[in-house]
6 protein chains.
Amino acid sequence: MILPIFLIFSLLSSTSNAAVQDFCVADLTGPDTPTGFVCKKPAAVTVDDFVFSGLGAGGNTSNIIKAAVTPAFADKFGGVNGLGISMARLDLAVGGVIPMHTHPGGSEVLIVVSGSICAGFISSDNKVYFKSLKKGDIMAFPRGLLHFQINAGGTPALAFVSFSSERPGLQILDFALFANDLPSEIIETTTFLDDAQVKKLKGVLGGTG
Amino acid sequence: MILPIFLIFSLLSSTSNAAVQDFCVADLTGPDTPTGFVCKKPAAVTVDDFVFSGLGAGGNTSNIIKAAVTPAFADKFGGVNGLGISMARLDLAVGGVIPMHTHPGGSEVLIVVSGSICAGFISSDNKVYFKSLKKGDIMAFPRGLLHFQINAGGTPALAFVSFSSERPGLQILDFALFANDLPSEIIETTTFLDDAQVKKLKGVLGGTG
Amino acid sequence: MILPIFLIFSLLSSTSNAAVQDFCVADLTGPDTPTGFVCKKPAAVTVDDFVFSGLGAGGNTSNIIKAAVTPAFADKFGGVNGLGISMARLDLAVGGVIPMHTHPGGSEVLIVVSGSICAGFISSDNKVYFKSLKKGDIMAFPRGLLHFQINAGGTPALAFVSFSSERPGLQILDFALFANDLPSEIIETTTFLDDAQVKKLKGVLGGTG
Amino acid sequence: MILPIFLIFSLLSSTSNAAVQDFCVADLTGPDTPTGFVCKKPAAVTVDDFVFSGLGAGGNTSNIIKAAVTPAFADKFGGVNGLGISMARLDLAVGGVIPMHTHPGGSEVLIVVSGSICAGFISSDNKVYFKSLKKGDIMAFPRGLLHFQINAGGTPALAFVSFSSERPGLQILDFALFANDLPSEIIETTTFLDDAQVKKLKGVLGGTG
Amino acid sequence: MILPIFLIFSLLSSTSNAAVQDFCVADLTGPDTPTGFVCKKPAAVTVDDFVFSGLGAGGNTSNIIKAAVTPAFADKFGGVNGLGISMARLDLAVGGVIPMHTHPGGSEVLIVVSGSICAGFISSDNKVYFKSLKKGDIMAFPRGLLHFQINAGGTPALAFVSFSSERPGLQILDFALFANDLPSEIIETTTFLDDAQVKKLKGVLGGTG
Amino acid sequence: MILPIFLIFSLLSSTSNAAVQDFCVADLTGPDTPTGFVCKKPAAVTVDDFVFSGLGAGGNTSNIIKAAVTPAFADKFGGVNGLGISMARLDLAVGGVIPMHTHPGGSEVLIVVSGSICAGFISSDNKVYFKSLKKGDIMAFPRGLLHFQINAGGTPALAFVSFSSERPGLQILDFALFANDLPSEIIETTTFLDDAQVKKLKGVLGGTG
């Protein structure tokens, strides 16, 4: 009776890790590729690569936006590398706001877990889609479009967002324009903003040039 | 001063809905395609296509699995059609379990919102990855692999799951085997289950043949 | 001798249009799908579906940006539907500028055909990449990132841009913010712009709310 | 005891055909899309959509190439629509040859079932990869590259080929050049072939112009 | 006359291996990536990388399933790495069965080369599609769905299967459940199987826990 | 006032290069993968990785085809690695011709910048699509199909072509057949060309065997 068991396993002998690649846990010590990090050796993979506890606690909202974004992308949460999905946690204190931003690499779905959030996006033909969301509501934000979230109530709001990419990117408009060394003249020429406005926001956000 | 405004808009005249397709809200009255439903006419799209409130209330857990899955896939939540992402809500009463199942069309990430959940998956090389998750923990389940979730505490558990597809599918093992007309002889031959076991579960789940 | 010829063609009988789908010319009268327009009937397709003359003449640059974008996307140039590529023509008069914008659906490569252009983009980590390009230079702009082009010389500039999508989209920052009915309060909250600045640009660009 | 069964099925109520799309059987009466035919209504799908018997009999090899290609692409074998795979049968009589050709839409793997076949392909850097294959050997032909198969033995040869696309296309070099109305002058200019050679093959293959 | 030849080749100088990448033969000594193994150096690639003889002989069917699966996936047949296709050989002795299983990573097409096979799959909405296949019949199995093959005749059966992925994976239901250390209690809770049944199959298949 | 600034940046701390991957500039010193070269370290990337000046000057057309192709693929123009787009420059002297060829890996769009060009392609069902293009015209060539470009005027012609892949490949028919060691007998068998024709072109193009 022992014999058949081993014979069965000969069927499995080719079903090694190399043969199947169910997953590709990120190995941050190796090179990056156009489709994600190279894979950790299968023998080194454990369940902890697929579990992440970093979204359990709220981010620090003691800042001028009174909000925090805590991501669980493939660089932190290696198990999603190559799977085409990732998450983040949004904490919005009273008055908090996630400023106008885009995710160049993926679409997003948000679920409100507590509080209420006014969220919206703008399409390529400049139409605005926004709504006040209550606990349990979900909203989709198509890839690459400008969007925002604002705490719409009198209590802190908590939401979780999921992305259709393990590294969706995050380009916050004000930081892209005012928190680097992009010359003010170029900003003004390409956005029609007044010089005083540009310099004021560079002052707040640490931009130079 | 009116003139320049209109001239600017000539720049936009080609940025019509036909030109850009930021999104493709599902039109369930038209044909389905290999990559999703055909699109609702852009003029008919409103913010409500991107917002879904169906996950706000818990599903009915008064059943033998003491659990409920409430999906927000593209057929119900048209805004995610073509975006490569969707969600579902899992309610597990005390003792509740989401039985062994797969999503043939997408990977999954689960976040525990209340209670605790023992979740796991099995890889192609038959290695088991499972862990007890507490509130705030997230876990990834790679595409197509058998996995399960069990309420691991003494209180009801709530989780939200996201998928890397707007229609990830859901194949529940017991229903696939025992809730249809697949002949018992075929089931027994292909699963090594005993005849009595097969017939017992067919009885519970309504299978024939 | 006639016989063998017909016999050969029997080999081809299965190589009908339905079998192969080398291309899928856009049929704008049918439904749109997540991956492009449905296909024109093969029998109706001619070489003219694959040739487009609309980029031969410069766009009208008598506007406040002194520039014009003339696209050849799948809605106008049906032959590229489903091929993952499209083009546009940029005309920049002296002093002309293509304002800060993104293409949510594709990466871009630009080639300067006459004049010189200062072009740049900003990455998700807020680093600025910009350079003055001379005739014959090409520059790549990764998908979804904010970028701009400015005539950098004393003569009109002409460039052609190609996209990695047949409908890459075009979201011009100022139009997204100021040329629709997005409430000023939301704009100000999510961009930190001053109320006067927002109202001034809404006035220029026709925004309400 | 009846009650629990129905309660379980409430879990499944959302797992309708619209929700999951495990497959998309080709509906040839509807429009074609860039990613395949629109889907047959789920209720009309039967196991026969997934089974095809057309490769069971050899094609007619009484022609000048002494060979036959019998495809099972999505237009004939609707079940593979959208699945990214298809098959064809190759019959090569003694002396038979599948002339130099490409599949613009997919890679190929061939398995020799009887006889022996000399098969090869040429890479973009003009390197030739060819070998004589015996029964049971498999060979891969990367997408889009020129390749050929020749009966290498004294008995009829049979092979099955699979493609990484449900409609891989088939461009046979001689038919592309000599079996249509492409002007001889253009052929000669773009291939360096002599006028007499071009006209001779046009005569054999029915070309005009 | 020598001169023009060399001049022509200057045209080709940029068509190096680095420029084109017609293929990416698996280099098993390098890292794995989300989309396959890194590539063997082009200079080291020969026709033997694209030819595999391992499917020429039948697998050993002297086991309790009286069947054998011999795969030609990218880890063994390096030439298909990145091409989105692979093959396997199925040998079913009289009474042989390929037990209920899934391929998480790809769809499958099977062709019966000798004997007859009863094959079937179960969709997400629990509908069963099965049929008895004779020599020459082909059948498609959509990605990720449970399916099986049983020798349906009185002679050994041989089939070749192709997959829409170079590493489709193979999750055999019984091995996933009973051939590892997944605790019996979890199995029973998530499958409704009786404790005796679980322990019996663990005994046969070597499971612990 | 300094404090809030630093607090804002804590929001950005997770938006590192590892988290987002807006781009993946080719690192030619590392391994190649099925989807492109591994990525240069983000810290080493500069704007010059995204700018390429190699198309600014015409290629040498003093050869027997009186034409030159100058590519800007990912191996030369590292910034497009992973972006799904690339370019090339075509120079056609009077009487110049880009011989019949395919790009196995991508579709093409051509724009005529000076002169006039007769361009065409042949579909899988052997239909010819060709037209004389004037300055400013663009033409699409679907992936993998045979196509050609001929200077159709009395002056040099210049065109730029874009591809839907960063490494589209380039298989020139005559070089594939006559500029390597493919045995003449195989060429003749698979193309029906006369022995004298094959040997003549092998002589011109340097082929052996």
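A salt bridge here is a side-chain nitrogen of Lys or Arg within 4 Å of a carboxyl oxygen of Asp or Glu. Between chain F and chain C there are two salt bridges by that count. In one of them, the side chains of K131(C) and D48(F) meet at 2.3 Å, N to O.

Some ground rules before I go on. This is a predicted model, in which local features need pLDDT of at least 70 and side-chain atom pairs count only at pLDDT 80 or more, while totals for chains, interfaces and linings use all residues. Residues are numbered from 1 along each chain as its sequence is written, chains are lettered from A and ligands numbered from 1 in the order in which they are written, and side-chain values use heavy atoms, with hydrogens and water left out.

I will stay with chains F and C for a moment. Contact, meaning heavy atoms within 4.5 Å, involves 50 residues of chain F and 50 residues of chain C. The size of an interface is often given as the accessible area lost when the parts come together. Buried area in this talk is that loss, taken with a 1.4 Å probe and summed over both parts. For chain F and chain C the buried area is about 4200 Å², with 68% of it on carbon and sulfur atoms.

Next, polar contacts. A polar contact is a pair of N or O atoms within 3.5 Å; within protein, one must be able to donate a hydrogen and the other to accept it, and residues adjacent in sequence count only if both atoms are side-chain atoms. Chain F and chain C have 13 residue pairs in polar contact, both residues at pLDDT 80 or more.

Which elements of chain F supply at least two residues each to the side that touches chain C? They are α2 (17-20), β3 (51-52), β7 (108-114), β9 (128-133), β10 (138-141) and β12 (157-163). The names come from DSSP runs, with helices (H or I, at least four residues) and strands (E, at least two) numbered from the N terminus. The largest share of that side, four residues, comes from β9(F). By residue type, the side of chain F that touches chain C divides into 30 nonpolar, 13 polar and seven charged. Nonpolar covers Ala, Val, Leu, Ile, Met, Phe, Trp, Tyr, Cys and Pro; charged covers Asp, Glu, Lys and Arg; the others, Gly among them, count as polar.

There is also strand pairing between the chains. Strands of a sheet pair through backbone hydrogen bonds, either parallel or antiparallel. Two strands count as paired if DSSP finds at least two bridges between them. Strand β10 (residues 138-141) of chain C pairs with β3(F) in the antiparallel sense, over two bridges. Within β3(F), V51(F) stands opposite M139(C).

How are the two copies related? Two copies of a chain are related by a rotation about an axis and a shift along it. The superposition is by least squares on the C-alpha atoms of residues with pLDDT of at least 70 in both copies. Chain F goes onto chain C by a rotation of 180 degrees with 0.0 Å of shift along the axis, at an RMSD of 0.0 Å. The C-alpha of chain F nearest that axis belongs to S164(F), 2.8 Å away. The same surface serves both copies, as 100% of the contact residues of chain F recur in chain C.

Now chains A and B. The contact takes 50 residues from each of chain A and chain B. D22(A), I85(A) and I138(A) supply 14% of the area that chain A buries against chain B, more than any other three residues. The salt bridges between these chains number two, one of them joining D48(B) and K131(A) at 2.3 Å, N to O. I138(A) returns in the strand pairing, where this residue stands opposite F52(B) in β3(B). The strands concerned, β10(A) and β3 (residues 51-52) of chain B, pair antiparallel over two bridges.

Inside chain B, an open sheet of five strands runs in the order β9-β8-β11-β6-β13, with antiparallel pairing. Its edge strands, β9 (128-133) and β13 (171-172), each pair on one side only. Strand β8 (residues 117-122) pairs with β9(B) over six bridges, and C118(B) has S132(B) as its bridge partner.

Last, which chains do not touch? Chain A and chain D have no contact, with their closest C-alpha atoms 17 Å apart. Chain B and chain F do not touch either, and their nearest C-alpha atoms are 17 Å apart.

How values were computed
Buried area is the accessible area (1.4 Å probe) that two parts lose on being put together, summed over both.
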